[in-house]
Amino acid sequence: MALPPYASPVEKVWFWTFRILCGLVLLFLITPVLVIIPLSFSSGSFLTYPLPGFSLRWYEAIFTSSAWMGALKNSLIVAPLATLLAMIFGTLAAVGLNRADFPGKGLIVALLISPMVVPLVIVAVGMYFFFAQVGLLNSYTGLVLAHTVLGVPFVVITVNATLQGFDFNQVRAGASLGANPMRVFFTVVLPQIVPGVVSGGLFAFATSFDEVVVALFIASPTERTLPIQMFSGIRENISPAIAAMATILILLSTLLLVTMELLRRRSERLKASI
């Protein structure tokens with residue numbers, strides 16, 4: 001928002017004070033993240049300032065380490081699969097709940113988003129006992145399903161928000177022209193809610209890729225994910241290699257945020273054209 005051309009002195013003071021305060025708060029929040037990046041280029045063996053020198057040795061250590069690469073591979077297996085399942089189940093749930101009106105709808109919505117509300121350690125303990133009964137502990141399947149449960153709420157919320165501006169008369173029009181429900185969904189509904197689906201999927205991917213508590217309960221040493229590897233490294237031996245991997249994750253998170261912003265703008269343009 002720009003400064004009004006005929007603003008009073010008080011309005012000008014408030015205008016700049018508000019922006020300075022927002023900048024200071026943003027700096028306070030982002031400084032601990034940015035501090036990690038220079039440490040990843042340290043030539044020393046400890047996380048200390050000032051840096052003894054600059055080196056890429058810790059990035060080399062990551063990409064030549066079987067432990068780090070194995071953890072990264074596991075994360076790249078689990079996160080995409082969990083994201084895909086979360087997008088499918090979350091989209092179907094959001095469309096069904098948005099169109100239907102039945103007793104207990106609020107309870108079902110609360111259950112769907114409960115993994116976002118309930119403390120994660122409680123969710124992890126519950127999944128541990130349930131998966132132990134059905135034989136899904138210490139397996140990729142169990143870890144993927146656990147992360148799917150954590151990702152579904154994000155997809156439900158984003159898709160439901162997208163559906164708020166959707167005109168369901170288009171669905172009736174498609175049905176009146178002879179299209180079956182499946183074809184109507186893929187040709188009429190899905191193209192218009194894709195930004196919400198993908199945005200929810202990005203949140204689900206970030207959640208799965210960064211999750212450590214549930215993975216500690218569900219995964220075995222062979223399914224050791226990247227967050228578990230980082231957590232173990234911090235607990236046993238704090239190395240600049242952790243800062244190097246954290247820098248890579250920061251870049252990945254930034255890329256996801258940029259993608260979500262582009263999708264949001266695309267969604268706004270799509271709504272404006274309808």
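Modeller: Thr91 touches Ala86, Val155, Val159, Phe185, Ile193 and Val197, residues up to four places away in sequence being left out; contact means heavy atoms within 4.5 Å. This is a predicted model, in which local features need pLDDT of at least 70 and side-chain atom pairs count only at pLDDT 80 or more, while totals for chains, interfaces and linings use all residues. Residues are numbered from 1 along each chain as its sequence is written, and side-chain values use heavy atoms, with hydrogens and water left out.

Thr91 belongs to helix α3; helices (H or I, at least four residues) are DSSP runs numbered from the N terminus. Its relative accessibility is 5%, so Thr91 counts as buried (buried is under 20% relative accessible area, exposed over 50%, partly exposed in between, with a 1.4 Å probe and protein chains only).

Val159 is also a neighbour of Gly196, which touches Thr158, Val159 and Thr162 when residues up to four places away in sequence are not counted. Gly196 is placed in helix α8 and is buried, with a relative accessible area of 4%. Between Gly196 and Thr162 there are 34 residues of sequence separation, yet their C-alpha atoms are 5.6 Å apart.

Helix α8 covers residues 181–210 and also holds Ser208. Ser208 counts as buried because its relative accessibility is 7%. The side chains of Ser208 and His147 are joined by a polar contact of 2.7 Å, that is, a pair of N or O atoms within 3.5 Å, where within protein one must be able to donate a hydrogen and the other to accept it, and residues adjacent in sequence count only if both atoms are side-chain atoms. Apart from neighbours within four places in sequence, Ser208 is in contact with Val78, Ala79, Ala82 and His147.

Ala79 is likewise touched by Phe209, whose contacts beyond four places in sequence are Leu72, Ser75, Leu76, Ala79, Leu226, Pro227, Leu249 and Leu252.

On the surface, a nonpolar patch has about 1000 Å² of accessible area together, and its members include Met116, Tyr128, Ile157, Phe217 and Phe231. Patches consist of residues with over 30% relative accessible area and no salt bridge, like charges being joined within 9 Å and nonpolar side chains (Val, Leu, Ile, Met, Phe, Trp, Tyr) within 5 Å; a salt bridge is a side-chain nitrogen of Lys or Arg within 4 Å of a carboxyl oxygen of Asp or Glu. The areas come from the Shrake-Rupley method with a 1.4 Å probe, only the protein chains shown counting as cover for residues. At least two patch residues come from each of α4 (105–117), α5 and α9 (213–218), and α5 supplies the largest share, five residues. Phe217, in helix α9, has 32% relative accessibility and therefore counts as partly exposed.
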